[in-house]
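Welcome! Let's take a friendly walk through a protein chain and the ligands beside it.

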Amino acid sequence: MLKKTANTYGVVAKGFHWLLFLMLTFSIVMGNFLASMPKGAEKLEAAGMHKSFGAVLLTLILLRLIWKLVNETPRLPDETTAGEAFVAKAMHWGLYLLMFAQPLSGIMMSQAAGVPVSFFGLFEFPVFLAKNPELAQFFKGMHGTVWILLVVAVIGHAGAALHHHFIRKDNVLKQMTTGV
Ligand code: HEM
Ligand code: HEM
(Lines give C-alpha, C1' and ligand atoms only; values in the text may rest on other atoms or scores of the structure.)
(Ligands and ions follow the chains in the order given, each with its own letter.)
Protein backbone atom coordinates (compact mmCIF):
# COMPACT_ATOMS: atom_id res chain seq x y z
CA MET A 1 0.00 0.00 0.00
CA LEU A 2 1.59 3.26 -1.17
CA LYS A 3 -0.60 5.56 0.88
CA LYS A 4 -1.46 5.47 4.55
CA THR A 5 -4.72 3.85 5.61
CA ALA A 6 -6.60 3.89 8.90
CA ASN A 7 -4.62 0.81 9.98
CA THR A 8 -1.05 1.37 8.84
CA TYR A 9 1.43 3.85 7.45
CA GLY A 10 1.99 3.33 3.71
CA VAL A 11 5.25 2.48 1.94
CA VAL A 12 6.07 6.16 1.33
CA ALA A 13 5.64 7.26 4.97
CA LYS A 14 7.58 4.20 6.17
CA GLY A 15 10.31 4.92 3.63
CA PHE A 16 10.60 8.53 4.81
CA HIS A 17 10.59 7.47 8.46
CA TRP A 18 13.38 4.90 8.25
CA LEU A 19 15.49 6.71 5.62
CA LEU A 20 15.42 9.86 7.75
CA PHE A 21 16.25 7.83 10.85
CA LEU A 22 19.43 6.57 9.13
CA MET A 23 20.33 9.92 7.56
CA LEU A 24 19.74 11.92 10.76
CA THR A 25 21.86 9.47 12.76
CA PHE A 26 24.64 9.74 10.18
CA SER A 27 24.42 13.55 10.13
CA ILE A 28 24.62 13.80 13.94
CA VAL A 29 27.74 11.60 13.98
CA MET A 30 29.23 13.56 11.06
CA GLY A 31 28.45 16.92 12.74
CA ASN A 32 30.14 15.90 15.98
CA PHE A 33 33.17 14.68 14.07
CA LEU A 34 33.24 18.00 12.22
CA ALA A 35 33.03 20.03 15.45
CA SER A 36 36.03 18.10 16.84
CA MET A 37 38.27 18.80 13.79
CA PRO A 38 41.02 21.45 13.99
CA LYS A 39 40.51 24.51 11.74
CA GLY A 40 41.97 24.10 8.24
CA ALA A 41 41.31 22.97 4.66
CA GLU A 42 40.14 19.49 5.71
CA LYS A 43 37.55 20.92 8.10
CA LEU A 44 36.28 23.28 5.39
CA GLU A 45 35.82 20.34 3.03
CA ALA A 46 34.07 18.24 5.68
CA ALA A 47 31.85 21.22 6.58
CA GLY A 48 30.88 21.57 2.91
CA MET A 49 29.79 17.92 2.80
CA HIS A 50 27.93 18.22 6.11
CA LYS A 51 26.05 21.31 4.93
CA SER A 52 25.08 19.84 1.54
CA PHE A 53 23.95 16.62 3.23
CA GLY A 54 21.96 18.77 5.71
CA ALA A 55 20.27 20.55 2.79
CA VAL A 56 19.21 17.18 1.34
CA LEU A 57 17.84 16.26 4.77
CA LEU A 58 15.89 19.51 5.01
CA THR A 59 14.30 18.81 1.61
CA LEU A 60 13.35 15.27 2.63
CA ILE A 61 11.87 16.47 5.94
CA LEU A 62 9.76 19.03 4.06
CA LEU A 63 8.53 16.39 1.58
CA ARG A 64 7.74 14.06 4.47
CA LEU A 65 5.70 16.77 6.20
CA ILE A 66 3.74 17.49 3.01
CA TRP A 67 3.06 13.76 2.58
CA LYS A 68 1.84 13.59 6.19
CA LEU A 69 -0.46 16.58 5.74
CA VAL A 70 -2.12 15.28 2.56
CA ASN A 71 -2.60 11.75 3.93
CA GLU A 72 -4.69 9.98 6.49
CA THR A 73 -2.97 9.23 9.82
CA PRO A 74 -3.42 5.62 11.02
CA ARG A 75 -5.64 5.44 14.08
CA LEU A 76 -4.30 4.64 17.54
CA PRO A 77 -5.29 1.38 19.32
CA ASP A 78 -8.90 1.42 20.63
CA GLU A 79 -7.80 1.38 24.26
CA THR A 80 -5.80 4.64 23.91
CA THR A 81 -6.99 7.32 26.36
CA ALA A 82 -7.52 10.95 25.28
CA GLY A 83 -4.45 11.94 27.33
CA GLU A 84 -2.25 9.31 25.63
CA ALA A 85 -3.49 10.37 22.19
CA PHE A 86 -2.60 13.98 23.01
CA VAL A 87 0.91 13.03 24.18
CA ALA A 88 1.48 10.88 21.05
CA LYS A 89 0.39 13.72 18.75
CA ALA A 90 2.41 16.35 20.63
CA MET A 91 5.47 14.09 20.50
CA HIS A 92 5.18 13.61 16.73
CA TRP A 93 4.86 17.37 16.12
CA GLY A 94 7.73 18.01 18.55
CA LEU A 95 9.90 15.62 16.51
CA TYR A 96 9.07 17.55 13.33
CA LEU A 97 9.93 20.84 15.05
CA LEU A 98 13.34 19.47 16.11
CA MET A 99 13.99 17.87 12.70
CA PHE A 100 13.41 21.25 11.01
CA ALA A 101 15.27 23.31 13.63
CA GLN A 102 18.54 21.37 13.19
CA PRO A 103 19.25 22.05 9.49
CA LEU A 104 17.64 25.52 9.59
CA SER A 105 19.84 26.62 12.51
CA GLY A 106 22.84 25.25 10.57
CA ILE A 107 21.97 27.29 7.48
CA MET A 108 21.35 30.43 9.55
CA MET A 109 24.60 29.91 11.50
CA SER A 110 26.55 29.78 8.23
CA GLN A 111 24.79 32.73 6.63
CA ALA A 112 25.12 34.94 9.74
CA ALA A 113 28.82 34.02 9.79
CA GLY A 114 29.05 35.34 6.22
CA VAL A 115 29.72 31.90 4.70
CA PRO A 116 27.44 31.05 1.76
CA VAL A 117 25.92 27.56 1.79
CA SER A 118 26.60 25.58 -1.36
CA PHE A 119 24.83 22.42 -2.50
CA PHE A 120 27.64 19.93 -3.25
CA GLY A 121 29.40 22.79 -5.10
CA LEU A 122 26.61 22.85 -7.73
CA PHE A 123 24.85 26.06 -6.66
CA GLU A 124 24.60 28.38 -3.70
CA PHE A 125 21.50 28.97 -1.59
CA PRO A 126 20.07 32.49 -1.62
CA VAL A 127 21.37 34.50 1.33
CA PHE A 128 18.54 35.72 3.56
CA LEU A 129 20.61 36.73 6.62
CA ALA A 130 23.21 39.51 6.63
CA LYS A 131 26.57 38.88 8.33
CA ASN A 132 26.15 39.23 12.08
CA PRO A 133 28.68 37.49 14.37
CA GLU A 134 26.40 37.65 17.44
CA LEU A 135 23.56 35.99 15.55
CA ALA A 136 25.99 33.41 14.15
CA GLN A 137 27.02 32.58 17.73
CA PHE A 138 23.37 32.24 18.75
CA PHE A 139 22.57 29.82 15.90
CA LYS A 140 25.77 27.88 16.57
CA GLY A 141 24.58 27.39 20.17
CA MET A 142 21.17 26.33 18.86
CA HIS A 143 22.73 23.90 16.35
CA GLY A 144 24.81 22.40 19.17
CA THR A 145 21.72 21.97 21.42
CA VAL A 146 18.82 20.94 19.18
CA TRP A 147 20.41 17.65 18.14
CA ILE A 148 20.76 16.66 21.83
CA LEU A 149 17.04 17.38 22.38
CA LEU A 150 16.30 15.34 19.23
CA VAL A 151 18.32 12.36 20.53
CA VAL A 152 16.53 12.51 23.92
CA ALA A 153 13.10 12.81 22.23
CA VAL A 154 13.88 9.90 19.88
CA ILE A 155 14.95 7.68 22.79
CA GLY A 156 11.57 8.38 24.45
CA HIS A 157 9.77 7.87 21.13
CA ALA A 158 11.49 4.54 20.37
CA GLY A 159 10.95 3.47 24.01
CA ALA A 160 7.21 4.15 23.61
CA ALA A 161 7.14 2.16 20.34
CA LEU A 162 8.86 -0.81 22.01
CA HIS A 163 6.55 -0.53 25.05
CA HIS A 164 3.55 -0.80 22.71
CA HIS A 165 5.01 -3.80 20.93
CA PHE A 166 6.35 -5.88 23.82
CA ILE A 167 4.23 -4.83 26.82
CA ARG A 168 0.89 -3.75 25.39
CA LYS A 169 1.28 -6.12 22.44
CA ASP A 170 -0.66 -3.85 20.08
CA ASN A 171 -0.26 -2.81 16.45
CA VAL A 172 1.66 0.48 16.86
CA LEU A 173 5.18 -0.69 15.91
CA LYS A 174 3.81 -2.86 13.09
CA GLN A 175 2.12 0.23 11.63
CA MET A 176 5.57 1.65 10.95
CA THR A 177 7.25 -1.67 10.00
CA THR A 178 5.69 -4.82 8.59
CA GLY A 179 1.98 -3.90 8.87
CA VAL A 180 0.07 -3.77 5.59
C1 HEM B 1 19.50 17.58 9.94
C2 HEM B 1 20.65 18.04 9.52
C3 HEM B 1 21.83 18.30 10.42
C4 HEM B 1 22.25 17.63 11.54
C5 HEM B 1 21.60 16.40 12.17
C6 HEM B 1 23.44 18.29 12.02
C7 HEM B 1 24.16 17.92 13.14
C8 HEM B 1 25.27 18.58 13.63
C9 HEM B 1 25.94 18.27 14.86
C10 HEM B 1 25.52 17.20 15.84
C11 HEM B 1 27.01 19.11 14.97
C12 HEM B 1 27.99 19.19 16.14
C13 HEM B 1 27.50 20.32 17.03
C14 HEM B 1 28.36 20.64 18.19
O15 HEM B 1 28.51 19.80 19.08
O16 HEM B 1 28.85 21.78 18.25
C17 HEM B 1 27.03 19.94 13.80
C18 HEM B 1 27.99 20.90 13.52
C19 HEM B 1 27.93 21.75 12.46
N20 HEM B 1 26.90 21.85 11.55
FE21 HEM B 1 25.33 20.62 11.37
N22 HEM B 1 23.72 19.35 11.20
C23 HEM B 1 22.76 19.39 10.21
C24 HEM B 1 22.65 20.31 9.19
C25 HEM B 1 23.54 21.36 8.99
C26 HEM B 1 23.40 22.36 7.95
C27 HEM B 1 22.27 22.39 6.91
C28 HEM B 1 24.45 23.21 8.10
C29 HEM B 1 24.79 24.45 7.32
C30 HEM B 1 24.33 24.78 6.20
C31 HEM B 1 25.26 22.74 9.21
C32 HEM B 1 26.43 23.33 9.65
C33 HEM B 1 27.22 22.88 10.67
C34 HEM B 1 28.52 23.43 11.03
C35 HEM B 1 29.24 24.58 10.32
C36 HEM B 1 28.97 22.71 12.14
C37 HEM B 1 30.33 22.85 12.84
C38 HEM B 1 30.25 23.81 13.98
C39 HEM B 1 31.62 23.83 14.67
O40 HEM B 1 32.63 24.04 14.02
O41 HEM B 1 31.61 23.64 15.87
N42 HEM B 1 24.67 21.62 9.74
N43 HEM B 1 25.95 19.60 12.99
C1 HEM C 1 15.55 10.04 14.00
C2 HEM C 1 14.76 9.22 14.64
C3 HEM C 1 13.23 9.25 14.54
C4 HEM C 1 12.40 10.28 14.23
C5 HEM C 1 12.77 11.74 13.92
C6 HEM C 1 11.03 9.76 14.25
C7 HEM C 1 9.90 10.52 13.99
C8 HEM C 1 8.62 10.01 13.91
C9 HEM C 1 7.44 10.78 13.58
C10 HEM C 1 7.42 12.28 13.28
C11 HEM C 1 6.38 9.94 13.57
C12 HEM C 1 4.92 10.28 13.25
C13 HEM C 1 4.53 9.76 11.91
C14 HEM C 1 5.03 10.61 10.77
O15 HEM C 1 4.76 11.80 10.71
O16 HEM C 1 5.76 10.08 9.90
C17 HEM C 1 6.88 8.62 13.89
C18 HEM C 1 6.12 7.48 13.99
C19 HEM C 1 6.58 6.27 14.48
N20 HEM C 1 7.88 5.95 14.83
FE21 HEM C 1 9.46 7.17 14.69
N22 HEM C 1 11.08 8.42 14.58
C23 HEM C 1 12.40 8.06 14.77
C24 HEM C 1 12.88 6.82 15.15
C25 HEM C 1 12.09 5.74 15.49
C26 HEM C 1 12.57 4.49 16.03
C27 HEM C 1 14.05 4.16 16.33
C28 HEM C 1 11.46 3.69 16.22
C29 HEM C 1 11.33 2.27 16.75
C30 HEM C 1 12.03 1.71 17.67
C31 HEM C 1 10.30 4.44 15.77
C32 HEM C 1 9.01 3.96 15.75
C33 HEM C 1 7.90 4.65 15.30
C34 HEM C 1 6.56 4.10 15.25
C35 HEM C 1 6.13 2.70 15.69
C36 HEM C 1 5.72 5.12 14.75
C37 HEM C 1 4.20 5.03 14.55
C38 HEM C 1 3.56 5.58 15.80
C39 HEM C 1 2.09 5.86 15.72
O40 HEM C 1 1.43 5.51 14.75
O41 HEM C 1 1.58 6.48 16.66
N42 HEM C 1 10.72 5.68 15.35
N43 HEM C 1 8.25 8.69 14.10
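Below, we start with the overall fold and then turn to the surroundings of the two ligands in turn.

**The chain as a whole**

What you see is a predicted model. The protein chain contains five helices and two strands. Along its principal axes, the C-alpha trace spans about 55 × 30 × 25 Å. The chain has 180 residues, of which 17% count as buried. Now take the contacts between residues at least 6 apart in sequence: 64% of them join residues at least 24 apart.

**Around ligand 1**

Which residues come nearest to ligand 1? They are Gly-31, Lys-51, Gly-54, Gly-106 and Gly-144, out of 22 residues around this ligand. Helices H1, H2 (41–69), H3 and H4 each supply at least two residues of the shell. The largest share comes from H1, with seven residues.

**Around ligand 2**

Ligand 2 is surrounded by 20 residues, and the closest are His-92, Leu-95, Ala-158, Ala-161 and Met-176. Here the elements giving two or more residues to the shell are helices H1 (11–36), H3 (82–112), H4 (133–168) and H5 (172–175).

**The two shells by class**

Here is how the residues of each shell divide.

| Shell | Nonpolar | Polar | Charged |
|---|---|---|---|
| Ligand 1 | eleven residues | ten residues | one residue |
| Ligand 2 | 15 residues | four residues | one residue |

To find these places yourself, look for Gly-31 and Lys-51 by ligand 1, then for His-92 and Leu-95 by ligand 2.

Technical notes:
Residues numbered from 1 in each chain as written. Chains lettered and ligands numbered in written order. Predicted model: local features only at pLDDT ≥ 70, side-chain atom pairs only at ≥ 80, totals over all residues. Near = placed C-beta within 6 Å. Helix = DSSP H or I, 4+ residues; strand = E, 2+ residues; numbered from the N terminus. Nonpolar A, V, L, I, M, F, W, Y, C, P; charged D, E, K, R; others polar. Buried ≥ 20, exposed ≤ 12 C-beta atoms within 10 Å, placed from the backbone. Contact = placed C-beta atoms within 7 Å.
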